Amino acid sequence: MAKTMAQLPYHYGVKVRVFPSTEQKRLIKRNSDASRFIYNQMNGMNNDLFWLKQVKIPIAIVLDRIVDLTERLKKPSTAISNIHGWLNHPDFDSLMKANAIKNYKTAWKLFRQVHQAGTPKFHKRGYTQTYQTSCLYGVKVMTPAMNNGSVRLTDFHHLWLPKLGRLRFKGFPSKLLSRADDVRVGTTTVSMDAVGHYFVSLQLGSAQPFVGKQKVAKSKAGIDLNLDNFLTDSNGQVIANPRYYRMIKGTLAKAQRKLARRARRAKKSQRRLSESKNYQKQRLLVVKLQLKVANQRKNFLHHISTTLIKNHDLVVAEELRSKNMLRNHALAMSIADVGWRTLLGMLAYKADLYGRKFLTVNPRNTTQTCSHCGYIMTGKNKLTLADRKWTCPSCGVFHVRDHNAAKNILAKGLATL
């Protein structure tokens with residue numbers, strides 16, 4: 001019997017751009033709207049059930065409603081489809097409905113585990129579209145692969161999706177195309193961004209590693225993330241901060257002011273924003289500027305994280321709490337611009353992919369401690385953000401602040417191991 005996706009030891013994610021026809025775009029929008037509607041229905045039923053249970057007086061109509069909602073939530077897909085008959089239309093993917101309900105339950109599970117993001121919220125309609133489907137394999141399929149499921153590659157340039165049919169794509173890694181026979185497809189996400197570009201994200205699983213075994217680098221690195229330079233490692237290498245948002249900040253602000261003026265003009269003329277052509281033109285311009293910054297930053301972080309993981313057997317970084325740091329309004333924009341949290345996430349999954357080791361350590365006193373003798377700067381000697389270079393009063397060793405911190409981070413990581 002073939003293994004499920006969860007049982008496979010190696011997983012990989014691929015996002016490719018697709019080029020749907022007008023009819024396929026209509027189907028994507030319908031499925032996206034239906035997915036959001038089902039999620040919101042689940043949220044609404046759970047909210048009603050919660051507040052009705054707070055009623056202390058045993059009113060018959062309240063008790064009947066509680067029983068009704070409890071029964072519906074046992075089989076929500078059938079219950080929602082029976083009440084809202086339009087969801088039974090052949091345009092809708094049945095696996096889209098199942099995934100919308102699954103995503104709602106996952107949101108609750110994450111809330112119970114983490115207690116940070118809050119309870120699930122109602123999803124609002126916006127300029128983006130997204131829904132999830134799954135790849136199913138028939139009973140006769142002995143070896144699930146990328147070319148024999150309900151989501152499959154028909155050739156090196158086209159893939160097949162339930163309800164949508166054949167779609168042309170680009171951007172699929174050529175190494176994976178040659179391994180179509182031993183890689184299977186799991187959850188598949190169809191999405192459209194605010195500009196109008198369509199994408200398909202595939203979750204892939206395999207019994208074989210997606211990346212060949214890497215040579216032992218015989219190198220370890222501790223990395224200090226800072227605002228002056230993007231990154232300084234324990235070997236003394238410094239990577240400059242590109243500051244992509246600051247470069248485009250003035251142009252973006254000007255474009256956003258123009259967008260606000262057009263929104264006011266449309267409102268004054270009592271026109272809906274969706275029907276205001278000038279507003280939509282300017283909205284696209286603003287979104288393209290924002291996407292440009294996001295793509296530049298993501299590309300930069302991918303290059304940095306891949307280089308670090310490939311060239312070092314062990315990478316140690318400080319465990320940053322970006323959410324707390326963003327409360328400092330003087331540094332909030334600079335912190336949000338560098339994308340530290342995204343980099344740490346990339347390092348974590350790429351370490352697993354390439355068979356390397358990645359650790360995060362508590363950053364406490366990594367800046368204030370001398371990496372040579374262990375003396376901690378306290379009281380009047382405590383370093384401020386302006387102190388970029390200093391000499392240890394105990395052993396007299398001269399330090400560059402960020403290089404010294406990176407050495408201390410590596411030492412903490414080695415001690416943890």
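Guide: Please note that this is a predicted model. In soluble globular proteins, nonpolar side chains tend to be buried together. Here the largest nonpolar core has 48 residues, and V16, M146, L161, L164, F172, V185 and L204 have the most contacts inside it. Helix α1 (residues 22–52) gives the most to this core, with 9 residues. Apart from it lies another core of 34 residues, including L231, Y244, L259 and V293.

Visitor: Which strands form the open sheet, and in what order?

Guide: Strands of a sheet pair through backbone hydrogen bonds, either parallel or antiparallel. In this model, 5 strands with mixed pairing follow the order β10-β9-β8-β11-β12. The edge strands, β10 (238–239) and β12 (357–361), each pair on one side only. Strands β11 (residues 314–318) and β12 run parallel and are joined by 5 bridges. Within this pair, L314 stands opposite K357 of β12. Helix α11 (residues 401–416) packs on the sheet, and its direction makes about 130° with that of β8.

Visitor: With which residue does D91 form a salt bridge?

Guide: Side chains of opposite charge can pair when their charged atoms come close. The partner of D91 is R30, with the closest N and O atoms 3.0 Å apart. D91 lies in the loop between α3 and α4 and R30 in helix α1, so the pair ties together parts 61 residues apart in sequence.

Visitor: Is D91 buried or exposed?

Guide: D91 is buried, because its relative accessible area of 13% falls under 20%. R30, at 27%, is partly exposed.

Key:
Residues numbered from 1 in each chain as written. Predicted model: local features only at pLDDT ≥ 70, side-chain atom pairs only at ≥ 80, totals over all residues. Heavy atoms only, no water. Core = buried A, V, L, I, M, F, W, Y, C linked by side-chain atoms within 4.5 Å. Buried < 20%, exposed > 50% of the residue type's maximum accessible area, 1.4 Å probe, protein only. Helix = DSSP H or I, 4+ residues; strand = E, 2+ residues; numbered from the N terminus. Pairing = 2+ DSSP bridges. Contact = heavy atoms within 4.5 Å. Axes fitted to C-alpha atoms, helices over the stretch in contact; angles between N-to-C directions. Salt bridge = Lys/Arg side-chain N within 4 Å of Asp/Glu carboxyl O.
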